Amino acid sequence: MTDSLTIRRPDDWHVHLRDGEILRGLAPWTARQFARAIVMPNLVPPVTKAAGAAAYRQRILSALPPGTDFEPLMTCYLTDATDPDDLAEGFEEGAFTAAKLYPAGATTNSDNGVTDVANIRPVLERMQEIGMVLCVHGEVTDPQIDVFDREAVFIERILAPLLYDLPELKVVFEHATTEDAVDFVEAAGPKVAATITPQHLHINRNAMLVGGIRPHAYCLPVAKREKHRLALRRAATSGSPKFFLGTDTAPHAREAKESACGCAGIFNAPFALESYLTVFDDEGAIERFEAFASENGPRFYGLPLNEGTVTLKRTEVQVPDVIDVNGTDVVPFHAGQTLRWQLA
Ligand code: DOR
Ligand code: ZN
C-alpha cells in the first residue's frame, strides 16, 4: 500500500477568491495547496477589462504572506458588450489567461453575463484565432428546463452547435457534473477539455436532500444522480488528458448558505488535494493523480508544468466544522469528517 505520494506541484484551474476582507482569508488556503489558479471574474462588479484584472491580481498577491510562491491566472468576464480587440489585447499583454462565459442568470453574480452566445460571436471567433481558452459555465437558464437537466440541454442547444461552427476554439467545460458532459468531452477533439470538482466526485444529489435539506452540499451546477457521479469518477481517474483539477471553491458566509434562499457554492480549498486523492485512492488510481492534478491542465492551457513537488501522507485528518476566514465563518466541504490523506 502506498503511504506517501509525491507529485509535481499542482494547479487549481477554477477558483473563486472573492475580494476585500474575505480575499485576505481565502487566498492563503488556495496558495497553500496550489502553484497557480485560474481566478474567476464574477465579482461585483465583474472583471471585464484588462486593467481591472491586473488590479485584482495585485490585490490577490497582497493578500498572501510575503514570499508566497503563487501565480493567479486572471480571466475576463464576458458580457454582451465585450469588445474582441480589447479582449485580444488583454490576452496578448498577459492580463488575461482565459475568458469566462456565464450565461446570464445561471449562477452567483452572473446577471451581467451573456444573454445569447450569438451576441459574442465575433469575440469567440477572435478567441479561436488567437488560441485563447474559453471557460464555460455549461447550463441553460431557460426556466422551462429542469435544474437537473440544464447541463445536458446546454450541450445540445449551445455548445455542440458552437463547436460545429468554431471547431478550433479551445474550451474548458467547467465543473462537469453529468455523464452527458463526460461523453461530450471525450468525443470532442483535442481542443475541448473539462474540469471536475471534488464535490461532484464525492456526492450525488441525495447528499443535499436526504434526511433534511443540506445547504452546504448545494452548488451550481447542482450535484446530479449517482450514475453521473460514477461517470465523473471514471473520467477523472481514467488517465485521459482531457480531464483536470478545478475545485470551483466558492465560499459563502455560513449565514448566507443557511438561509431561506441559500447561496450556491462549496468551500473546498482547505482540503482539496486530500479530497481528490481520497477518490483516486478508492478507485485504485493513485498513479494517475499527478496527471490530473499537475499535468493535464497546464498542457491544455499551453503553460509550463510547475517545478517542485508536494507530498501527501496517508494519515487521518479531521476537517473542522467551520473555518474563520478573516472574520467570516465558512463551513468547509467535508466539515466534521475525517479524510485519509494529508498534505505534508
Ligand atoms: O456554486 C457555485 N458558486 N457555482 C458557480 O457557478 C458560482 C459560484 C459562486 O461564485 O459562488
Ligand atoms: Zn465557479
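Q: Between which helices does the loop with Pro221 lie?
A: This model is predicted: local features need pLDDT of at least 70, side-chain atom pairs count only at pLDDT 80 or more, and totals for chains, interfaces and linings use all residues. Residues are numbered from 1 along each chain as its sequence is written, chains are lettered from A and ligands numbered from 1 in the order written, and side-chain values use heavy atoms, without hydrogens and water. Helices (H or I, at least four residues) and strands (E, at least two) are DSSP runs, numbered from the N terminus. Pro221 lies in the loop between helix H8 (206-209) and helix H9 (226-236).

Q: Is the peptide bond from Leu220 to Pro221 cis or trans?
A: Most peptide bonds are trans. From Leu220 to Pro221, omega is near -5°, and the bond is cis.

Q: What is omega near for the bond from Val44 to Pro45?
A: Pro45 is in the loop between strand S3 (36-39) and helix H2 (50-62). The bond from Val44 to Pro45 is cis, with omega near -5°.

Q: What is phi of His175 near?
A: Most residues other than glycine have a negative phi. His175 sits in the loop between strand S7 (171-173) and helix H6 (179-187). Its phi is positive, near 35°.

Q: Which protein residues are donors of the zinc ion (ligand 2)?
A: Donors are N, O and S atoms within 2.8 Å of the metal (3.2 Å for Na, K and Ca); water is not among the atoms, so sites may look incomplete. Along the chain, the donors follow the spacing H-x1-H-x231-D. At 2.1 Å from the ion, they are His14 (NE2), His16 (NE2) and Asp248 (OD).

Q: How many residues apart are His16 and Asp248?
A: His16 is in the loop between strand S2 (12-15) and helix H1 (20-33). Asp248 is in the loop between strand S9 (243-245) and helix H10 (254-257). The pair links distant parts of the chain, and its separation is 232 residues.

Q: How much of the accessible area of ligand 1 does the protein cover?
A: A side-chain N or O atom of His137 is 3.3 Å from an oxygen atom of ligand 1. A backbone N or O atom of Gly265 lies 3.2 Å from an oxygen atom of ligand 1. On its own, ligand 1 has 290 Å² of accessible area (Shrake-Rupley method, 1.4 Å probe). The protein covers 100%.

Notes
Polar contact = N/O pair within 3.5 Å; in protein donor to acceptor, adjacent residues only side chain to side chain.
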